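Please walk through this model with me, from the whole fold down to single residues. Keep the sequence and the 3D view open side by side.

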Amino acid sequence: MTTRPSAPNLRIEHFSDPRLCLGLGTPTPRLSWSVDQAPPGYTQTAYEVSVARGGEAQTAVVEGDAQVLVPWPVQPLASRESAQVRVRVAGRDTWSDWSRPVALEAGLLSAEDWQARFISGGEPQAVAPVLTRRFDIDGPVIRARLYATAQGLYTAAINGHPIGDQVLAPGWTAYQHRLAYQTYDVTALLQDGPNTIQATLGQGWYAGRIGFFNSRAHYGDRPRLLAQLEILTEDGRELVVATDGEWTASDSGVLANDLYDGQRTDLRFGTGPVADGAARPAAVSAAPLPKLVASSAPPVKVTQTLPAKKVWAAPGGGFLADFGQVAVGWVRIRCSGLEPGTEVTVRHAEVLEDGALATAPLRSARATDTYLAAGGTETLEPCFTFHGFQFAEITGLSHLEAEDVEAVVVGTDLARAGWFESSNPLLNRFHENVIWSARGNFLSVPTDCPQRDERLGWTGDIQVFAPTALFLFEAAGFLRSWLEDLALEQRPGGEVPFVVPDILGMSHPAAAAWGDAATIVPWEIYQRTGDLDVLRTQFASMTAWVDRVDALAGENHLWEGGFQYGDWLDPTAPNEDPSQAQTDPDVVATAFFARSARITADAAAVLGLDQEAARRAALAEAAREAFADAYVTPAGRVMSDSQTAYALAIAWDLAPTDRQKVAAGRRLADLVRANAYLIGTGFVGTPLVPEALAMTGNTEVAHRLVLQTGCPSWLYAVTMGATTVWERWDSMLPDGRVNGSGMTSFNHYALGAVADWLHRGVAGLAPAAPGYRRILVRPHPPAQLTHAAARHQTPYGQASVAWRREHGTFHLEVAVPVGATAEVHLPGQDAPLTVGHGHHTWTVDDAAGAAFADPPATIRELMDRPDYWGAVVEAATATGTVTGGASEVAAQLRPYLAAPAVEIAQALMPEESLSSSDAIGAALAPLTSKLSAPVSSRPPTQLQTANHERRTANYKEPV
């Protein structure tokens with residue numbers, strides 16, 4: 001048995017990869033650690049940090065149980081200063097071993113550290129410039145750091161060796177406010193004597209085409225490089241090689257490059273200079289440097305490659321390649337034997353239509369890479385563009401085998417943190433699709449889609465997806481970086497841009513759910529990681545947004561009128577106007593006002609701002625009361641009578657009384673039933689409906705909704721072969737054709753936000769306190785599943801929940817990391833259990849299975865039983881009673897949900913018929929015989945009479 005805790009696993013800030021601790025942007029990095037094993041009953045009572053720097057070790061012993069993002073305990077780091085950090089922990093008087101040391105190093109922390117100036121290739125041009133500097137080193141090098149960035153994109157090399165493994169560097173920030181730089185250890189690339197450093201510049205987000213207005217050079221008309229190479233030789237001499245007037249510029253073989261349109265490359269020159277004789281002095285910018293920052297997010301990298309699954313002859317010539325997965329990046333082709341100057345063209349698309357690339361979803365983006373071959377054996381791939389695709393059309397080659405081509409997948413290099421699996425293969429594939437959509441769209445900023453002329457950081461999309469993102473990936477640093485831009489781009493009046501970085505430039509942008517990213521995203525980061533500093537840093541932005549909405553709402557605290565996106569892409573909205581949803585935009589706006597006001601009040605409280613917390617709590621309560629007075633009836637009906645309206649009212653506690661909340665839940669469940677368990681929400685309601693149903697005791701309805709395969713539903717896309725989440729519920733129509741709306745993406749994570757319910761509701765793993773210090777284990781096992789599991793790398797270590805049902809029993813396994821506790825709710829038992837770290841198992845009666853042991857009593861209960869419901873739909877369709885399938889059956893039954901289940905046939909009979917011998921009655925006889933005596937043996941019922949009286953009997957409920 002373990003008698004003392006194991007050595008901690010140390011990490012710095014939100015970086016899981018210690019290599020990212022080179023060039024930190026803070027002098028006081030926070031420390032976190034997890035402990036793999038500890039004796040029963042162990043609680044950390046103290047920790048000791050050792051910091052070795054400058055040949056000396058500083059130590060600090062701190063009492064307490066904190067182990068997540070604890071403050072730097074010793075003197076702050078200076079610019080360029082390096083250190084090695086270790087930690088050990090104690091439970092009472094028993095100390096662990098020391099952790100493995102983590103090496104870290106500060107970057108350039110002040111503007112005065114920079115000697116470099118921005119340089120460019122001169123006048124704006126399509127050809128990518130190569131910037132070159134030659135220099136000599138006298139003596140061995142013991143340390144060399146390159147600090148580099150660009151307005152645009154850059155690749156760099158020293159003495160012909162590529163620097164780093166990043167791509168599309170330095171990424172995209174709000175360039176006019178801040179620019180991220182990268183730090184590289186280039187010691188091994190330098191040599192005694194002559195050396196050469198080169199950088200090739202691409203247009204990128206800075207100078208290329210950006211947005212759907214076909215605008216170019218939004219930030220500047222040409223890319224520029226900023227680089228500072230600092231060298232320390234063995235004899236103590238320091239040499240700085242910074243971008244200045246001593247650099248030269250040449251043309252490269254990259255003849256054109258654009259993120260949307262693609263790259264044209266003459267491989268006879270590669271990406272280096274065309275000829276030394278063509279060199280010209282680099283142009284030095286006189287403009288002051290922007291704010292330079294070390295990124296808190298991992299860089300964009302090549303994360304994997306996908307071999308072609310199939311290559312075949314394209315109908316119009318050339319070849320088509322299928323990589324089996326919608327991904328983001330580019331195509332890499334290996335070829336040989338081409339005549340020099342042969343042109344090879346690669347076009348990209350996410351899906352095929354009529355056997356060819358479906359390029360309509362690209363809109364104006366060309367998504368085309370072309371190459372002029374050098375001859376011999378060569379590799380064709382771009383460096384200054386990316387595409388969203390599963391299929392590629394390749395022309396210019398006479399021969400192509402599958403092993404010659406692969407998809408290079410790129411994105412922000414986020415470590416996986418969460419996993420889910422179940423007994424339903426479609427559900428598992430959907431979850432995998434969510435992961436792929438996040439990977440593809442988390443590329444420097446959280447974008448909306450990777451393929452068309454957009455790829456922008458829409459605030460509303462990440463607002464709904466943040467909880468899912470923070471479970472699946474270690475995304476806190478990535479989202480914190482984006483939030484910094486959000487705050488910088490926020491208007492003086494508090495309005496939040498619709499996209500961040502803001503390339504739309506609207507003067508007063510304010511839309512519910514989109515602007516609320518300012519409050520919801522930092523709050524979710526705090527809840528999932530325990531990072532209190534994100535609230536401290538973003539609090540001014542959070543309150544500015546809420547105050548702006550408060551001013552727009554006025555004295556009655558109802559945010560009404562004005563532009564709103566509403567419940568964007570509600571499935572009933574017309575293609576030409578996705579904002580025309582079932583839910584009144586005023587209901588959505590006021591609900592978000594109340595939600596954000598409550599979040600800011602809670603944030604003020606945890607920050608210790610008591611007076612501010614009290615003031616903002618009063619505002620939140622006023623907004624909540626205003627919502628209830630205006631939109632919730634005493635009987636629990638919510639204005640708009642839509643799935644989203646009820647989900648908002650329930651999930652965010654906007655229905656004042658328990659009675660109203662229960663009634664709202666019942667109505668929400670009936671709306672789902674009457675819609676044949678198809679989804680009826682857009683971006684706003686999608687992540688909330690299953691939660692709201694479960695909160696009001698309608699869990700099986702939630703599961704039926706999530707497991708639905710008809711259109712619209714989450715699993716419909718999976719049945720159509722999707723490998724990512726779609727922008728529209730019907731991005732591909734049932735006949736296999738592409739939705740012709742003009743706004744259709746096959747890789748868009750927003751509707752995948754329901755994965756958070758899979759983790760918390762289906763598997764049952766959720767945070768009960770910030771950072772998972774306390775874990776809530778409350779699975780809602782669907783009757784349709786035999787097992788499900790989720791695991792998550794919490795700040796304290798890995799937590800997991802796994803359940804399975806067999807032979808009338810329910811088995812639950814829970815793993816709790818050291819430093820955390822779990823509140824466990826077993827199905828069918830009222831009181832929760834509290835357990836500490838370790839592995840725990842329970843076996844109880846299968847309450848979910850027992851719930852379906854008796855026949856359904858009402859039509860409402862019958863519809864919730866998949867077996868009964870399937871028989872009803874089959875019988876109604878086979879007899880011609882309905883022609884519209886399950887949706888029409890559900891609509892027919894909508895007024896009769898409270899009727900006895902045995903009268904299901906009568907509810908479906910044509911109004912003019914009173915005969916119990918109708919075809920539908922006969923078809924359903926085997927089913928109704930299970931419910932009670934055969935229908936033919938009973939006299940006409942109230943429901944039959946109600947049909948004859950045009951459906952006005954006692955069983956009819958309000959529609």
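Buried residues make up 59% of the 959 residues in this predicted protein. The overall dimensions come next. The C-alpha atoms fill a box of roughly 105 × 75 × 60 Å along the principal axes. The contacts can be sorted by sequence separation. Of those between residues at least 6 apart in sequence, 73% join residues at least 24 apart. As for secondary structure, the protein has 21 helices and 46 strands.

How far can the coordinates be trusted? The mean pLDDT is 94, and 95% of the residues reach 70 or more. Residues 933–959 have a pLDDT below 50, yet this stretch has 57 contacts in the model beyond near neighbours in sequence. Where pLDDT is low, the predicted coordinates should not be read in detail.

Now to the strands. Strands of a sheet pair through backbone hydrogen bonds, either parallel or antiparallel. Take β18, residues 224–233, and β19, residues 238–242. These two strands pair in the antiparallel sense over five bridges.

Four strands form an open sheet in the order β39-β40-β44-β45, with mixed pairing. Which strands are at the edges? They are β39 (765–767) and β45 (833–835), and each pairs on one side only. From one strand to the next, the twist averages 25°. Within this sheet, β39 pairs with β40 (residues 774–777) in the antiparallel sense over three bridges. There, A766 stands opposite L776 of β40.

Finally, the cysteines. How many disulfides does a search of the whole structure find? It finds zero. C449 is in no disulfide, and the nearest cysteine sulfur, that of C711, is 20 Å away. A disulfide needs two cysteine sulfur atoms within 2.5 Å. C711 is likewise in no disulfide, and its nearest cysteine sulfur is that of C449, 20 Å away. Are these residues buried or partly exposed? C449 counts as buried because its relative accessibility is 0%. C711 counts as partly exposed because its relative accessibility is 31%.

Methods: Residues numbered from 1 in each chain as written. Predicted model: local features only at pLDDT ≥ 70, side-chain atom pairs only at ≥ 80, totals over all residues. Heavy atoms only, no water. Pairing = 2+ DSSP bridges. Buried < 20%, exposed > 50% of the residue type's maximum accessible area, 1.4 Å probe, protein only. Axes fitted to C-alpha atoms, helices over the stretch in contact; angles between N-to-C directions. pLDDT = per-residue confidence, 0-100. Contact = heavy atoms within 4.5 Å.
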